[in-house]
Amino acid sequence: SSGINAEWPLRPGVPDLEVGSTTSDATGSKKISTIILKSIFSPIFITAFTMTFLAEWGDRSQITTIILSSREDPWGVCIGGCLGHSLCTAMAVIGGRFLAQKISVKTVTLVGGVVFLVFAISSVSLGLR
């Protein structure tokens with residue numbers, strides 16, 4: 001086939017869009033746009049974005065970023081923060097993939113849950129002092 005998939009295979013289930021194929025009607029163009037948007041904004045993308053956004057909202061790194069951007073160049077803070085968070089996330093993804101190959105997902109989930117419970121209990125006990 002002379003389509004995009006010949007050089008850059010897409011995920012399974014994503015239709016092949018032929019290079020150079022054009023449609024003169026708005027319906028065909030709308031279908032292609034919908035296919036592209038659905039392939040970019042997949043369910044895992046939406047889940048990861050929402051989970052990260054909600055987890056990071058109002059945490060110490062966001063408060064620190066707000067303070068830093070009030071004193072320094074906001075563009076530098078924004079770019080540095082995005083790059084730092086991206087690198088940290090990439091390391092977590094690669095580490096998670098590596099761990100999943102060595103240890104079962106059930107074990108990782110159980111250990112992660114226990115660690116979070118320990119942090120919660122220690123935070124409550126330190127807060128009561």
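Biologist: Where do I start? How many helices and strands does the protein have?

Modeller: Start with the secondary structure. The protein has five helices and zero strands. Along the sequence the pattern reads α-α-α-α-α. Keep in mind that the model is predicted.

Biologist: Now the surface. Which residues form the nonpolar patch?

Modeller: A patch takes residues with over 30% relative accessible area. Here the nonpolar patch consists of Ile36, Leu37, Ile40, Phe41, Ile44, Phe45, Ile46, Phe49, Phe53, Leu54 and Trp57. Together they have about 1,200 Å² of accessible area.

Biologist: Which helices supply at least two residues of the patch?

Modeller: Helix H1 (26-40) and helix H2 (43-56) each do. H2 brings the largest share, six residues.

Biologist: Take Phe45 as a test case. Why does Phe45 count as partly exposed?

Modeller: Partly exposed is the class between the buried limit of under 20% and the exposed limit of over 50%. Phe45 has 36% relative accessibility, so Phe45 counts as partly exposed. This residue sits in helix H2.

Biologist: On to pockets. How much space lies in the largest pocket?

Modeller: A pocket is an open space with protein around it, so ask for its volume and then its lining. The largest pocket holds about 930 Å³. Its lining has 27 residues, and Met51, Thr89, Ala92, Val93 and Gly96 are the closest to the centre. H2, helix H4 (74-102) and helix H5 (105-128) each give two or more residues to this lining.

Biologist: Which helix gives the most to the lining of the largest pocket?

Modeller: H4 does, with ten residues. By class, the lining of the largest pocket has 15 nonpolar, ten polar and two charged residues.

Biologist: And the second largest pocket? What is its volume?

Modeller: Its volume is about 480 Å³. The lining of the second largest pocket has 17 residues. Closest to the centre are Ser61, Thr65, Gly81, Cys82 and His85.

Biologist: Which helices supply at least two residues of that lining?

Modeller: Helix H3 (60-71) and H4. H4 gives the most to the lining of the second largest pocket, with nine residues. The classes for this lining are five nonpolar, ten polar and two charged.

Biologist: One more residue. Where does Gly80 lie?

Modeller: Gly80 lies in helix H4. Its relative accessible area is 40%, so Gly80 is partly exposed.

Biologist: How far apart are Gly80 and Thr65 in sequence and in space?

Modeller: Read the two separations side by side. Gly80 and Thr65 are 15 residues apart in sequence. From C-alpha to C-alpha, Gly80 and Thr65 are 9.9 Å apart in space.

How values were computed
Residues numbered from 1 in each chain as written. Predicted model: local features only at pLDDT ≥ 70, side-chain atom pairs only at ≥ 80, totals over all residues. Heavy atoms only, no water. Patch = residues over 30% accessible without salt bridge, like charges linked within 9 Å, V, L, I, M, F, W, Y side chains within 5 Å. Areas by Shrake-Rupley, 256 points an atom, 1.4 Å probe, with all protein chains shown as cover. Salt bridge = Lys/Arg side-chain N within 4 Å of Asp/Glu carboxyl O. Helix = DSSP H or I, 4+ residues; strand = E, 2+ residues; numbered from the N terminus. Buried < 20%, exposed > 50% of the residue type's maximum accessible area, 1.4 Å probe, protein only. 1 Å grid on protein atoms, 1.4 Å probe; cavity = no way out; pocket = protein on both sides within 12 Å on 5 of 7 lines; lining within 4 Å. Points joined across faces, edges and corners; volume = space filled by probe spheres on them. Nonpolar A, V, L, I, M, F, W, Y, C, P; charged D, E, K, R; others polar.
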